Amino acid sequence: MQRYSALALIKQSLNGHKGWKPQWRDPEPKSSYDVIIIGGGGHGLGAAYYLAQKHGIRNVAVLEKGWIGGGNTGRNTTIIRSNYLFDESAALYDHALQMWEGLSQDLNYNVMFSQRGVLMVAHNVHDEQSFKRHVYANRLNGVDNEWLTPEQAKAFCPPLNIAPGMRHAVTGAALQRRAGTARHDAVAWGYARGADALGVDIIQNCEVTGIERDATGRVTGVQTTRGRIGARKIGVSAAGSTSLVMEMAGLRMPLESYPLQALVSEPVKPIFPCVVMSNTIHAYISQSDKGELVIGAGTDSYVSYSQRGALHIPMHTLEAICELFPIFRRMRMMRNWGGIVDVTPDRSPILGKTPVPGLYVNCGWGTGGFKATPGAADLLAYTIAKDEPHPINAPFNLERFGAGRLIDEAAAAAVAH
Amino acid sequence: MLLIPCPYCGNRPEIEFAYGGEAHVVRAADPRKEDDAAWTEFLYFRKNPRGDHAERWRHAFGCGRFFNVKRNTYTDHIEASYRIGEMLP
């Protein structure tokens, strides 16, 4: 692997930057692998990377039906935070947040992780009580979170409107300072480059069409649009398409797939210093390093795989943005798109073993999977390598629905991720 | 935005409706006889297909009535709508 550094940049500049090599190979699939990961997003590529890096399993392939990072990894609003209510969730998401803090150094790839702070604004008594409960629960779990008055929130985020005459006045805010954003494409590319250097084959334009099992039920390989590929173990990390992939192994999943929309404005100079979320009037916003305001809307109401949604959903969000930030009322929106998110009944992910021997799953992240990328990848790799879940992801098993041990962030984590 | 054919009012925009999830999910006649697996299935598992999907809608800001729709979840094309109690066309 060609290491990136200031010195490498200077050296390359002397010969006109003609010496840079592709960041990963484009190999033909081998006849079989020890582990196949289905889904080449950040979670899947990261799992392959950690299988090779931490567990020494290098005979690994990542199969991606399109191009890597072209699904939800490249479609989300890049918000990273760990201020979840329940103990299990706080442990899971903070594991990821701690990994984000060292990710650029680990990968030798700048993922532009920026701990600019996530401000969740409250508009009424219910919000205040709910957010304060989060603040206290988070602190008990060692996750930073603090309560701000409207004036303190305004000082932290000057464009915020805290005028008392608003339809939904800001009555306070919860601030997680370690939270922030990262460059989503760089996460996929950085993991791909790191995994490739350790021997992982990244196979794009390769859609899985079937999962093969032997007489004992154990997985033996996959059928793909590029032929049959054998595998001793298979990890599924296919987000919105997880139901379809698991059905190939005869497994039904407690998932429903919904379109989730986001949009960006025309690029402007730096104006917005942090991430602001409002669950009550339903908006979240940050500014990318390119200068675009990145705005996330809610899911459409119905099950769909169409990767687009209806215009009234982002309209609703933009109305909230215009009220919270009157300064943005005359800005124009540039692009609007959708991704398909797989939602569980309790809004917590499913990460662990399945009833099929040799088949592992990482899914159900719903509207908030990007923030968990390094953590989910690490834990999926651990579960595949050891054939048992890590204590952090053990509660997020598939059996919890039947057992009634839900981790019900549905109400706690609120609508927006 | 979907244009949804309410069987009572005709074509109306999606914002007049509330989505009600997969249709034809039947509660057991005698819930006491159901085992854990059947309850789990009833409460948490849905078909989630890429293709034809029978789903329940309510014309919340119109006639207020429930009805079913057959929609393709990949193209979002609505193939039919039918009243509660009627069979999937």
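# Questions on a predicted model

Q: Is T280(A) buried, exposed or partly exposed?
A: The model is predicted. Burial is judged by counting C-beta atoms within 10 Å: 20 or more is buried, 12 or fewer is exposed. T280(A) has 18 such neighbours inside 10 Å, so T280(A) counts as partly exposed.

Q: Which residues does T280(A) touch, not counting residues up to four places away in sequence?
A: T280(A) is found in a loop of chain A, between β13 (275-278) and β14 (283-287). Leaving out residues up to four places away, T280(A) touches H123(A), N124(A), D127(A) and H168(A).

Q: How many Å apart are T280(A) and A320(A) in space, C-alpha to C-alpha?
A: In sequence, 40 residues separate T280(A) from A320(A). In space, the C-alpha to C-alpha distance is 9.5 Å.

Q: How many Å apart are the C-alpha centres of domain 1 and domain 2 of chain A?
A: The domain assignment gives domain 1 of chain A as 29-109 + 183-255 + 346-412. Domain 2 of chain A is 118-179 + 257-343. Their C-alpha centres lie apart by 27 Å.

Q: Which element gives the largest share of the side of domain 1 of chain A that touches domain 2 of chain A?
A: In this contact, 26 residues of domain 1 of chain A meet 27 residues of domain 2 of chain A. On the domain 1 side, β3 (79-80), α3 (87-107) and α7 of chain A give two or more residues each. The largest share, four residues, comes from α3(A).

Q: How many nonpolar, polar and charged residues are on the side of domain 1 of chain A that touches domain 2 of chain A?
A: Take the residues of domain 1 of chain A that touch domain 2 of chain A. By class they divide into eight nonpolar, 13 polar and five charged.

Q: Which residues is V60(A) in contact with, leaving aside neighbours within four places in sequence?
A: Set aside its neighbours within four places in sequence. The contacts of V60(A) are then Y33(A), D34(A), V35(A), I37(A), A48(A), L51(A), A52(A) and V200(A).

Q: Which elements do the buried residues of α6(A) pack against?
A: Helix α6 (residues 184-197) of chain A reaches 20 Å from its first C-alpha to its last. Of its 14 residues, 12 are buried, so α6(A) is largely enclosed by the rest of the structure. W189(A), Y191(A) and R193(A) are among the buried ones. In chain A, the buried residues of α6(A) pack against α2 (42-55), α3, β8 (201-203) and α9 (373-386).

Q: Which residue just after α6(A) takes a positive phi?
A: The place to look is just after α6(A). There, a positive phi of about 105 degrees is taken by G199(A).

Q: Which elements give two or more residues to the side of chain A that touches chain B?
A: In this contact, 19 residues of chain A meet 19 residues of chain B. The chain A side has 10 nonpolar, seven polar and two charged residues. The elements of chain A giving two or more residues to that side are α7 (242-247), β12 (256-265) and α10 (400-403).

Terms used:
Residues numbered from 1 in each chain as written. Chains lettered and ligands numbered in written order. Predicted model: local features only at pLDDT ≥ 70, side-chain atom pairs only at ≥ 80, totals over all residues. Contact = placed C-beta atoms within 7 Å. Nonpolar A, V, L, I, M, F, W, Y, C, P; charged D, E, K, R; others polar. Domains from an automatic or database assignment. Expected span 1.5 Å × (residues − 1).
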